[in-house]
Amino acid sequence: MEKSDHIWMDGKLVPWHEANVHVLTHTLHYGFGVFEGIRCYQRADKSSAIFRLKEHVDRLFGSAKILGIRVPFTPEEIENAILETVRANKLEECYIRPIIFLGDNKMGLNPAGVDVRVAVAAWPWGAYLGDDGLNKGIRVCLSSFTRHHINVTMTRAKACGYYINSILAKVEAVQDGYDEAILLDPSGFVSEGSGENIFVLRNGTLHTPPLASGCLDGITRDAVVEICEDLGIPVQEKQLTRDALYVADEIFLTGTAAEITPVREVDRRQIGPGHKGEVTDRVQKAFFDIVRGNCDRHTKWLTRV
């Protein structure tokens, strides 16, 4: 990790090395907290803009509400804290991590009375699955681990503890020689990657699993749906079986970290041409044109730093 200079904590900027928590921090022990991942891009005119800042902050507060965490700041204050953090660190492009977590004044499973704390960090971070992954596509496998049932953990929340499931799937995939894992839901249908939504092209139509599959309500996923409307590419939410992936014409993953990453292979089966397909390339190019200010579409998605 390339460290930056400051992190925003509980209302003020502190030096990176002073942004510490106690070993008895409640969220460290129980995973009860929520977070977001957000990207800031440098635009063609050399300015910087944060991608869908309001939507990310709204989802952060929605996640807190689902878990019953009362945030001691307003969404507007957190939006301003994110902008302040990027500016203070003089970052042209970066990854931003706001987190709402519980403090160290009380232990036990009942979180009532535990201090609620908020932090915002930002640092330079390139392509999550590598530049080659963005350009040539990645190799994925179907995980032996199952994605959460929607009523076991409330999957609309982007909660800290939920990601143990993702870590187990990711580690297994990497140890087996793959770049990423795809998890099935408890009924055996495709849900999502360890940290990404999935889109599958078959006979000219893109399909993506419904939220009832346990996948996250992805903000990049939503952006792709709108981009496809612009491009005239039909998109449908649809339950997908694992073998539907094997016979797909194209597959790509979406997410703040992954951006638009093509999949060239699933379980050692070549997908389509074995490299980034034509539709994936169109969607990916449109996405990067928007976030880098090379077109005038969807300017509402960008908040100038």
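Which element gives the most to the lining of the second largest pocket? The model examined here is predicted, so that local features need pLDDT of at least 70 and side-chain atom pairs count only at pLDDT 80 or more, while totals for chains, interfaces and linings use all residues. Residues are numbered from 1 along each chain as its sequence is written, and side-chain values use heavy atoms, with hydrogens and water left out.

Pockets and cavities were located on a 1 Å grid over the protein atoms alone. A pocket is an open set of points with protein on both sides within 12 Å along at least five of seven lines, whereas a cavity is a set of points where a 1.4 Å probe fits but cannot get out. Lining residues have an atom within 4 Å of a point. Grid points are joined across faces, edges and corners, and a volume is the space filled by probe spheres set on the points. Helices (H or I, at least four residues) and strands (E, at least two) are DSSP runs, numbered from the N terminus.

The element in question is β7, which contributes 4 residues to the lining of the second largest pocket. This pocket has a volume of about 480 Å³. Its lining comprises 19 residues, of which Ala 19, Arg 97, Ile 99, Phe 101 and Ala 119 lie nearest the centre. At least two lining residues come from each of β1 (6-9), α1 (26-30), β6 and β7 (116-123). By class, 15 of the lining residues are nonpolar, 3 polar and 1 charged; here Ala, Val, Leu, Ile, Met, Phe, Trp, Tyr, Cys and Pro count as nonpolar, Asp, Glu, Lys and Arg as charged, and the others, Gly among them, as polar.

The largest pocket has a volume of about 740 Å³. It is lined by 38 residues, and Phe 35, Lys 158, Tyr 163, Ser 194 and Gly 195 lie nearest its centre. Two or more residues of this lining are given by each of α2 (53-67), β6 (94-102), α5 (163-175), β10 (190-193), α6 (219-231) and β14. The most, 5 residues, come from α5. The lining of the largest pocket divides into 15 nonpolar, 15 polar and 8 charged residues.

A search of the whole structure returned 2 cavities of 30 Å³ or more. The largest cavity holds about 40 Å³ of space, and its lining includes Asp 249, Pro 262, His 275 and Thr 280. Strands β14 (250-255) and β15 (259-266) each supply at least two residues of that lining, which is made up of 5 nonpolar, 3 polar and 3 charged residues. The second largest cavity holds about 30 Å³. Arg 39, Tyr 41, Phe 51, His 56, Thr 220, Thr 256 and Phe 287 line this second cavity.

On the surface, Val 23, Leu 24, Leu 28, Tyr 30, Met 107 and Leu 109 form a nonpolar patch with about 610 Å² of accessible area together. Nonpolar side chains (Val, Leu, Ile, Met, Phe, Trp, Tyr) are joined within 5 Å, and like charges within 9 Å. Accessible areas come from the Shrake-Rupley method with a 1.4 Å probe; for residues, only the protein chains shown count as cover. Tyr 30 belongs to helix α1.

Methods
Patches are made of residues with over 30% relative accessible area and no salt bridge: like charges are joined within 9 Å, nonpolar side chains (Val, Leu, Ile, Met, Phe, Trp, Tyr) within 5 Å. A salt bridge is a side-chain nitrogen of Lys or Arg within 4 Å of a carboxyl oxygen of Asp or Glu.
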